Amino acid sequence: MNPWSTLGVRRAVAALFLVWAVGAIVLSLAALRAPVDRAYHPFTHTRIATTSLIDELSPAAQGSGAESGDLILEMNGQPFYEVLRGGPGDLDPASPNTYLLEKRDGRRISVKLAPESVTWVQTGSQSALHGLMVVGAAMYLLTGAAAWWLKPDRSESWALLLFCSTMTTQLATFPQTNLIPLGWPRFLLNAPLIGAATFHLFTTYPIEPDWVVRHRRIQFVPY
C-alpha cells in the first residue's frame with residue numbers, strides 16, 4: 001500500500017505546504033511596509049547560491065571604489081552569505097561596515113560604507129512590482145487551496161496544491177528578496193521544492209504514466 005495515498009497523510013503534508021506559502025506572503029507584505037527609518041546596505045545585489053554581486057550603488061556609495069559587478073565576499077570579516085541569513089535588521093545607520101569586494105580582474109579591495117535608509121531601494125516602481133507579485137502569489141495559493149477544498153480525496157488536487165504552494169512562495173519571495181526576513185534562505189530552499197512539485201503534478205495529471213502506477217513512490221523521491 002502506498003502510504004502517501006491515505007487522506008490523513010495528505011492533509012498533514014498539505015497543511016505544511018500551506019503554512020510555508022502563507023508565511024511567504026506575510027513576510028513579503030511585511031517587507032513591503034518596511035518603515036522609512038529601517039537601514040539597508042548602500043547597494044542592491046543579486047545572489048546566486050552563496051555568491052552575491054553588486055547591482056546598483058546608492059548615491060552616497062558612488063565613488064567609494066565599489067562598482068556594479070563586484071563580488072561581495074565579506075562584511076566586517078564575516079562571509080556575506082552568512083550576513084544575509086539574518087537579513088538587514090542588524091544594520092546600524094550610525095555604524096559604517098567594512099565590505100571586502102572582488103573586482104572582475106581578481107583584485108580585492110576593502111571599502112567602508114554606512115547603511116542607508118531603505119527608501120533609496122523601495123522606489124515607487126519597485127513597490128508596485130512587489131505588490132503585483134504578491135497578488136500573483138495569492139492567486140496561485142487560492143487556486144491550489146480551492147482545488148484541494150473541493151476534492152480532497154483526489155490525488156490530482158493534492159498535487160496541484162503542493163505545486164501552487166511552492167509557486168506562491170517563490171513569487172512572494174522574489175521581489176526585493178533582500179528586504180524580506182530570511183528571504184534568500186527561503187528562496188533557495190523553495191527552488192528545489194518547485195521542481196519536485198512540478199514532477200509530482202505532471203506525473204499525476206492529466207494521466208498517470210504506467211511506470212508511475214507501477215512505482216508510485218518515485219513521485220516523492222525528488223522531495
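**Exercise 1. Determine how α1 and α4 are oriented and which residues join them.**

Solution. α1 and α4 run roughly parallel to each other, a class that covers angles under 35 degrees. The angle between them is about 20 degrees, and their axes lie 8 Å apart. Axes here are lines fitted to C-alpha atoms, for helices over the stretch in contact, with angles from 0 to 180 degrees between N-to-C directions. Helices are DSSP runs of H or I with at least four residues, strands are runs of E with at least two, and both are numbered from the N terminus.

The model is predicted: local features need pLDDT of at least 70, side-chain atom pairs count only at pLDDT 80 or more, and totals for chains, interfaces and linings use all residues. Residues are numbered from 1 along each chain as its sequence is written, and side-chain values use heavy atoms, without hydrogens and water.

Next, identify the contact (heavy atoms within 4.5 Å). Among its residues are Phe 17, Trp 20 and Ala 24 of α1, and Trp 158, Leu 162 and Thr 166 of α4. The contact of α1 with α4 divides into 12 nonpolar, 7 polar and 1 charged residues. Ala, Val, Leu, Ile, Met, Phe, Trp, Tyr, Cys and Pro count as nonpolar, Asp, Glu, Lys and Arg as charged, and the others, Gly among them, as polar.

**Exercise 2. Describe the packing of α4 and α5.**

Solution. The axes of α4 (residues 155–173) and α5 (residues 183–202) come within 8 Å and cross at roughly 155 degrees. α4 is therefore roughly antiparallel to α5, the class for angles over 145 degrees. The contact includes Trp 158, Leu 162 and Thr 166 of α4, together with Arg 186, Asn 190 and Leu 193 of α5. By class, the residues of this contact are 12 nonpolar, 8 polar and 2 charged.

**Exercise 3. State how α1 packs against α5.**

Solution. α1 (residues 7–32) and α5 pack at about 145 degrees, with axes 13 Å apart. Phe 17, Trp 20, Gly 23, Ala 24 and Leu 27 of α1 meet Arg 186, Leu 189, Asn 190 and Leu 193 of α5. This contact has 6 nonpolar, 2 polar and 1 charged residues.

**Exercise 4. Which strand supplies the largest share of the lining of the largest pocket?**

Solution. β2 does, with 3 residues. β2 (43–48), β3 (51–57), α3 (124–150) and α5 each supply at least two. The lining comprises 9 nonpolar, 8 polar and 2 charged residues.

Technical notes:
Parallel < 35°, antiparallel > 145°, perpendicular 65-115°, else oblique.
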